[in-house]
Amino acid sequence: MLPPDITGLSIRVAGVVLFDAYLLWLILQLIQDGAYPLAAVLAVTAGFVTISFSLERLRPLRWLSAGLALMMMFVLYPIFFTFYLSTTNTGLGHILTKQVAIERLEREQYVPEGGQRFSWTAFQSPDGEIALWLQGEGSTGSLARAGEFIAEPQADEFGIGTFDENGIPFEIEGYRRLERRDLVVMLDQLSGVEFGEPPDTIRITSLNAAAMTRQRYLYNEQQDMVLDLQSGMTYLPRNGTFVSEDGQQLRPGFFVDVGLLNFQRFFSSAALRGPVTQIVVWNFTYAIFSVLFSFTLGLFIAILFDKLPGKNIIRTLLIVPYPIPALVSILIWRNLLNPDFGALVKLFEVLFGSSPNWLTDPNATRAAIILVNMWLSYPYFYIVSSGALQALPTEILDAASVDGANPWQRFSRITLPLLLRIVSPLLVASFAFSFNNFNLIYIFNEGNPPIAGSPIPAGHTDI
């Protein structure tokens, strides 16, 4: 029997080997598919786990290896991958790898000149398999299935029953004849099926017609080019697109690295810089003022109502906005500020003679969004401030009162600094939440009103 330390070492080594073998296989698959960033992160993760389990001085890291590996995958990788995307041409809609784009191109078909065309009738088996009855010029009828030889049977052959006046079988053994209303919803699915055996394959081209087709594009790996078998043109890869000599492009394209070209385009284009700079400034403004106003209101309420009778009932009423779903609250506020029937708009018009257009005026819309966010957030800061105020030492405040400090001096010099030390992490977290609070922006006004003259879709309240 092996000593315990040898047994433990053997189990650990076997586990690491199996783990590395699986990750190596997965990494190779990802590299083959062109997913290089994920493959790189998995390689780093595998190296970290292997080293931490191999070196005795890194033994404490073994207990953290699972958590650190998950952190690499779900925290660091998204950040790394986001930056990686900014150095590619995916912003132009090229989201496929080169291999996948080539596979898509090679699946495209064309009807050759003089290619035979057919009318068709579909039959379906209980397991969903489709067979076509094809009728063309000079043909009494052919039976075609996916991947099988196209036959021209007579009645009673291949399970074919009697024919109707149009020469179409009433039934085929094991299949039921489909009506036109059944085919409308299936047309997209059927158009991608190749009936018959290559090279004599037939594809459905419309609800009434099918045709013998050929593969249109063929990729030559040695010359790294795509050949159009229909026209004879060749296409070479250029910046993620296969392009011919006269500038024609094939779709779809594929993503490639472009380095810092996107950043150069951004910083050299005033049309792009303007809207994005405006959005970034508003994003910080929105987050800062939302946190500032929400915290101020929550703290003010906590101090104001702390000594009043019936404060428990008041506290219950004050936190009502907190448990209500944000979606409901935002939609209610949107209706209150609607320029046509909003109650608050009517109140403004009665009091001041007019009301800002809260949904189309940029500054008014921004103010409304900060107001709504304050309404949604102040109960949280009220609860936090109430608890923090109760935790402050009363001896310091009593000593300040004895020394002659007035209420404002006690608050500004003692209460607020001590309170900020307690709630500052929560303020930072609230700032980060507001900075990314897409739901409020989208539900309230979808980022509108739009920025005039922007070459990209951008709104004054976008974040």
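Which residue stands opposite Val226 in β10? In this predicted model, in which local features need pLDDT of at least 70 and side-chain atom pairs count only at pLDDT 80 or more, totals for chains, interfaces and linings use all residues. Residues are numbered from 1 along each chain as its sequence is written, and side-chain values use heavy atoms, with hydrogens and water left out.

The residue opposite Val226 is Tyr235, and the two strands concerned, β9 (residues 225–228) and β10 (residues 234–238), pair in the antiparallel sense over two bridges, pairing being assigned if DSSP finds at least two bridges between two strands. Five residues lie between the strands of this hairpin, where Gly232 takes a positive phi near 85°. β10 is also joined by three bridges to the antiparallel strand β11 (residues 241–243), in which Phe242 is the bridge partner of Pro237. The hairpin of β10 and β11 has two residues between its strands, and Asn239 in the turn has a positive phi of about 55°.

The protein as a whole contains 16 helices and 11 strands, which are DSSP runs (helices H or I, at least four residues; strands E, at least two) numbered from the N terminus. Its radius of gyration is 35 Å, well over the 23 Å that the globule rule gives for 463 residues, so the protein is more spread out than a compact globule; the radius is taken over C-alpha atoms, and the rule is 2.2 Å times the number of residues to the power 0.38. The C-alpha trace spans about 110 × 85 × 50 Å along its principal axes.
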